[in-house]
Amino acid sequence: ALAWGVFIAGWLQLLFQWPSLARLGLVPRPRINFSHPGVKRVGVLMLPALLGVSVGQINLLLDTMLATFLQMGSISWLYYSDRLLELPLALFGIAIATVILPALSRDFSASEPGHFSAKLDWGIRMVLLFGLPATVALVLLADQMIATIFHHGQMTDFDVAMAGLSLKAYGAGLVGHMMVKVLAPGYFARQDMKTPVRIGIWAMASNMLLNLLLVWQFAHVGLAMATSLSALLNAALLGWGLYRRKIWLPCAGWGLFSLRILLASTALCGVIYLAYRPVQVWLNWGLW
């Protein structure tokens with residue numbers, strides 16, 4: 001039933017957009033023509049781009065494979081915590097990346113490096129604006145969120161504690177995952193596909209190494225920690241590459257902006273602290 005619901009919802013989402021496309025005169029008429037130069041160009045650019053932006057998903061797949069060797073329940077604990085990580089990542093990170101890529105492409109085509117850098121700077125600020133408070137919430141409220149959403153049926157108190165630990169580890173790397181989504185378009189808009197792929201390969205290699213180093217001591221939490229660290233490394237290398245080539249130059253106002261985010265995140269920590277109740281209270285409560 002759940003699978004059919006996803007299937008039907010996917011088609012409804014497509015059909016929902018069809019009238020708007022029709023009003024714009026953009027309803028596609030599929031025609032197979034692999035010899036078209038535009039199709040060839042997109043095909044050449046698409047394959048490395050796919051690898052460049054899918055490092056996080058590949059790392060998650062590797063984590064799941066390694067988790068099959070761990071204690072029963074490890075795969076489920078990682079899955080539950082990943083679902084909560086993906087929520088702010090999709091809502092903010094992917095949304096910002098979707099908006100910024102065509103704007104960056106226009107600036108690059110128009111030879112406007114200043115505008116290109118300013119839009120990239122805006123994207124980075126938006127990631128920090130939404131990502132840092134979300135990180136604070138995911139880490140500090142991990143057990144409470146897992147208990148509220150998933151503590152039903154066969155999920156025990158122990159499962160909540162284990163999933164909460166991996167959510168804290170995943171949440172610590174949220175900004176890295178979001179940054180990758182925003183920084184990679186800085187290369188794609190310039191049709192530079194090789195650099196994100198090369199950096200992505202380094203990130204995957206580091207993830208595998210960290211998995212092997214951390215899994216023995218921290219079990220499934222070590223796998224989540226490795227994914228977060230590799231995401232932060234991926235983002236740092238992408239950002240450093242853009243800065244080193246002077247593609248992205250920070251705009252004025254970063255000091256005040258950073259102070260505001262720090263104060264807002266501190267206020268969030270304070271509110272959570274004042275309203276905090278031990279997780280056992282949440283486990284004893286019913287759904288309502």
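Reader: In which loop is Gln191 found?
Author: This is a predicted model, in which local features need pLDDT of at least 70 and side-chain atom pairs count only at pLDDT 80 or more, while totals for chains, interfaces and linings use all residues. Residues are numbered from 1 along each chain as its sequence is written, and side-chain values use heavy atoms, with hydrogens and water left out. Helices (DSSP runs of H or I, at least four residues) and strands (E, at least two) are numbered from the N terminus. On that numbering, the loop that holds Gln191 is the one between helix 8 (174-188) and helix 9.

Reader: Is Gln191 buried, partly exposed or exposed?
Author: Buried means under 20% relative accessible area, exposed over 50%, and partly exposed in between (1.4 Å probe, protein chains only). The relative accessible area of Gln191 is 45%, so Gln191 counts as partly exposed.

Reader: What relative accessibility does Ser111 have?
Author: Ser111 lies in the loop between helix 4 and helix 5. Its phi, near 55°, is a positive value in a residue other than glycine. Ser111 counts as exposed, because its relative accessibility is 59%.

Reader: How many helices and how many strands does the chain have?
Author: Read along the sequence, the pattern is α-α-α-α-α-α-α-α-α-α-α. The secondary structure therefore comes to 11 helices and zero strands.

Reader: Why is the chain described as being as compact as a globular protein of that length, and what is its radius of gyration?
Author: The radius of gyration is taken over C-alpha atoms, and the globule rule is 2.2 Å times the number of residues to the power 0.38. For 288 residues the rule gives 19 Å, and the chain is close to that value, so it is as compact as a globular protein of that length. Its radius of gyration is 21 Å.

Reader: What percentage of contacts in the chain between residues at least 6 apart in sequence join residues at least 24 apart?
Author: Contact means heavy atoms within 4.5 Å. Among contacts between residues at least 6 apart in sequence, the share that joins residues at least 24 apart is 78%.

Reader: With which residues is Asn234 in contact, leaving aside its neighbours within four places in sequence?
Author: Asn234 has its place in helix 9 (residues 194-244). Its relative accessible area is 4%, so Asn234 is buried. Leaving aside neighbours within four places in sequence, its contacts are Val55, Val180, Ile199, Gly200 and Ala203.

Reader: Is the aromatic pair of Phe92 and Phe130 stacked, tilted or edge-to-face?
Author: Rings of Phe, Tyr and Trp (its six-membered ring) pair if their centres lie within 6.5 Å; planes under 30 degrees apart count as stacked, over 60 as edge-to-face and the rest as tilted. By this rule the count comes to nine aromatic pairs. For Phe92 and Phe130 the centres are 4.4 Å apart, with 5° between the planes, so the pair counts as stacked.

Reader: How many residues apart are Phe92 and Phe130?
Author: Phe92 is in helix 4 (residues 74-109) and Phe130 in helix 5 (residues 113-140). Both are partly exposed, Phe92 with a relative accessible area of 26% and Phe130 with 32%. The pair links distant parts of the chain, its residues being apart by 38.
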